[in-house]
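Work through the exercises below with the model open. Try each task before reading its solution.

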Amino acid sequence: MLTLGERGVKAAVVGANGFLGSAIVRELRKDGVDVVLVDRHASSRSADEAFFSADVSNVDALKQAFAGVDVIYHLAAVLGTSELETGVRPAIETNILGTLNVLEAAVACGVQRIFVASKPSVWLNTYTITKHCSEQLCRQFANYNPVNVYIFRYLNIYGPKQKLQPVRKILPIFAAQALRGLPLQIYGDGLQTVDMLFVDDAARMTVDFTKVDPVGQAIDCGTGVEMTVLEVAEAVNTYYGNRAGIEHIPMRKGETPRTRLVADTTELDRLLPGRKLTDWSVALATSLDWYAAQPAAAIDAALAFYGIKPRYSVAW
């Protein structure tokens, strides 16, 4: 089996234009890996970059993209919590059938290593169900085909370039509200916990994970440090000097109150000893500075998208 960083190794990143996908592309290139970018959304690229405009619904297009590839990173997915409660079918088509298509195309092309992104199964919602099904498909394919599948259950990834909309994520929405001097809206009492994982750390660990021998099971990828949502909100307000405080709102569909989300890092520590994580204060500052530098129109559009009204309005 080829080693990442070895001369001539080629990797395909499915969902290469996405938040995590683009970070993984950067890490692979640091290791000297030849990267094939696969995404349904075209973007500006340099002439020497290999880019395939392909949707995970198209097996033939995926086969073309995977030709001559040694390892695949599958990040493409329809995201959301309450956002998917009325979009079950598209989530199934992309997250489950799309994963099946990636697996079939990979096997057809003789690719021996596939990484698939997943999440902890703590809630009964559409996104969680689709990710759980994808994991089972991966296990089945690994049992009956000459392929090794690597699965990370990511915790709460955040960082610069994470989109403000249309999926409501903890740091982007808190940043947008704080930048406009608004109270930060928290679902429930805010005592539910999260494991905040900086995107650069997630990408580095993902690449390193695919260098080790396969473990045959999905493992958690996070810091192992538990924070309440209230603590995250207070950190954002403190950084921006926002004195508007907190606003508690009803729990959204697809989540339960006081859920504890924190990675069990036992297996991760064994596989990646000495892994380094960016300090929370540094990663938070880097992320919040990025949001502060975004156009005012983008911040206002995100707040309007979620139905969050400005603190003051003017009537003429």
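**Around helix α7**

Just after α7, glycine 241 has a positive phi of about 70°. The model is predicted: local features need pLDDT of at least 70, side-chain atom pairs count only at pLDDT 80 or more, and totals for chains, interfaces and linings use all residues. Residues are numbered from 1 along each chain as its sequence is written, and side-chain values use heavy atoms, with hydrogens and water left out.

**Exercise 1.** Compare the span of α7 with the expected one.

*Solution.* Helices are DSSP runs of H or I, at least four residues, numbered from the N terminus. α7 has twelve residues.

**Exercise 2.** Describe how α7 packs on α9.

*Solution.* Start with the axes, lines fitted to C-alpha atoms over the stretch in contact, with angles from 0 to 180 degrees between N-to-C directions. Those of α7 (residues 229-240) and α9 (residues 280-292) come within 11 Å and cross at roughly 60°. That makes α7 oblique to α9 (under 35 degrees is roughly parallel, over 145 roughly antiparallel, 65 to 115 roughly perpendicular, the rest oblique). Next, list contacts (heavy atoms within 4.5 Å). α7 residues including Val232 and Tyr239 meet α9 residues including Trp280 and Leu288.

**Exercise 3.** Is alanine 302 buried or exposed?

*Solution.* Find alanine 302 in helix α10 (residues 296-305). Its relative accessibility is 1%, so alanine 302 counts as buried (under 20% relative accessible area; exposed is over 50%, partly exposed in between; 1.4 Å probe, protein chains only). Beyond neighbours within four places in sequence, alanine 302 contacts Leu164 and Gln165.

Note on methods:
Helices (H or I, at least four residues) and strands (E, at least two) are DSSP runs, numbered from the N terminus. The expected span of a helix is 1.5 Å times one less than its number of residues.
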